[in-house]
Amino acid sequence: MSRRRIGFWYRLAAVIAKPPLVVLFKRDWRGMEHIPAEGGFITAVNHNSYLDPLSYAHFQYNTGRVPRFLAKAGLFKAPFVGTVLRGTGQIPVYRESTDAIDAFRAAVDAIERGECVAFYPEGTLTRDPDHWPMQGKTGAARVALLTKAPVVPVAQWGANHAMPPYAKDKKLRLLPRKTLLVKAGPPVDLSAYYGMEPTSEVLRAVTDKIMAAVTELLADLREEPAPEDPYDHRQARAEQRRRALRRAEKEKENEERRTVQEQGESS
């Protein structure tokens, strides 16, 4: 896709956003050669800061292939926000759909038109205590298997130092000047899964392979080994609930023991 197809609204957003990013941050960009020069494709990106969509978009905008982000379909109905989302070519996700792939039908259409659709497979900011990617959701895998489009893994690091995820104060930490690191890798080879029925097992295997590629890139950016297993937020929450239940049961036992002891002393 050539730059002339970027469009007015995307260019306007770039004119507004790029100058402060250039002034406030240093940049370390790697792997631009892995962004396809033409044709539709998917990028799978880790998410560790409210600021990192700007960092990643800046990186890819400079390749001439702008990313189209996924957004809730309802946002497109808002007067001004909807106009901007449509003008910048963002992709509605129809979460109310009963068919899983129908939820991403606009993403499939965009890829078939030759666009880049950016997925945050984690679905939200990482909950991993050390900001490593979590276990991914299967949306990107569904679209990848249906379209057979290249899936380019992208890792980013540094925006989380300026705006840590889930920080209470939500303040930018601009000094000392931070470096925004972004690295794209070669497309993930998913050819072994083409033609398979998209069962939950297949989708999980594809998703895990995509996330492993993203995590490997991030380990290179961070210059440290990644955890053996990705953080599973649902599993962690279940364990927290079990621990809370055990604590409550222990406190109840202690309270009953104290009550029996007090009754014995008063008799």
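This is a short chat about a predicted model.

Visitor: Where is phenylalanine 8?
Guide: Phenylalanine 8 sits in helix H1, which covers residues 8-24.

Visitor: Is that side buried or exposed, for phenylalanine 8?
Guide: Phenylalanine 8 is exposed, because its relative accessible area is 57% and the cut-off for exposed is over 50%.

Visitor: Which residues form a nonpolar patch on the surface?
Guide: Phe8, Leu12 and Ile16 do, and together they have about 320 Å² of accessible area.

Visitor: Changing topic. How many residues of helix H5 are buried?
Guide: Seven of the nine residues in H5 (residues 139-147) are buried, so the helix is mostly covered.

Visitor: Which ones are buried in H5?
Guide: Gly139, Ala140, Ala141, Val143, Ala144, Leu145 and Thr147.

Visitor: And what do the buried residues of H5 pack against?
Guide: They pack against three strands, E2 (41-45), E5 (116-119) and E6 (151-157). Helices H4 (105-112) and H7 (200-222) are also packing partners of those buried residues.

Visitor: What follows H5?
Guide: Lysine 148 comes after H5, and its phi is positive, near 60°.

Visitor: Now histidine 131. Where is it?
Guide: Histidine 131 lies in the loop between E5 and H5.

Visitor: Which side chain does histidine 131 join in a polar contact?
Guide: The side chain of asparagine 160, at 3.2 Å.

Visitor: What else does histidine 131 touch?
Guide: Leaving out residues up to four places away in sequence, histidine 131 touches Asn48, Thr126, Trp157, Pro165, Leu218 and Arg222, as well as Asn160.

Methods. Residues are numbered from 1 along each chain as its sequence is written. This is a predicted model: local features need pLDDT of at least 70, side-chain atom pairs count only at pLDDT 80 or more; totals for chains, interfaces and linings use all residues. Side-chain values use heavy atoms; hydrogens and water are left out. Patches are made of residues with over 30% relative accessible area and no salt bridge: like charges are joined within 9 Å, nonpolar side chains (Val, Leu, Ile, Met, Phe, Trp, Tyr) within 5 Å. Accessible areas come from the Shrake-Rupley method with a 1.4 Å probe; for residues, only the protein chains shown count as cover. A salt bridge is a side-chain nitrogen of Lys or Arg within 4 Å of a carboxyl oxygen of Asp or Glu. Helices (H or I, at least four residues) and strands (E, at least two) are DSSP runs, numbered from the N terminus. Buried means under 20% relative accessible area, exposed over 50%, partly exposed in between (1.4 Å probe, protein chains only). Contact means heavy atoms within 4.5 Å. A polar contact is a pair of N or O atoms within 3.5 Å; within protein, one must be able to donate a hydrogen and the other to accept it, and residues adjacent in sequence count only if both atoms are side-chain atoms.
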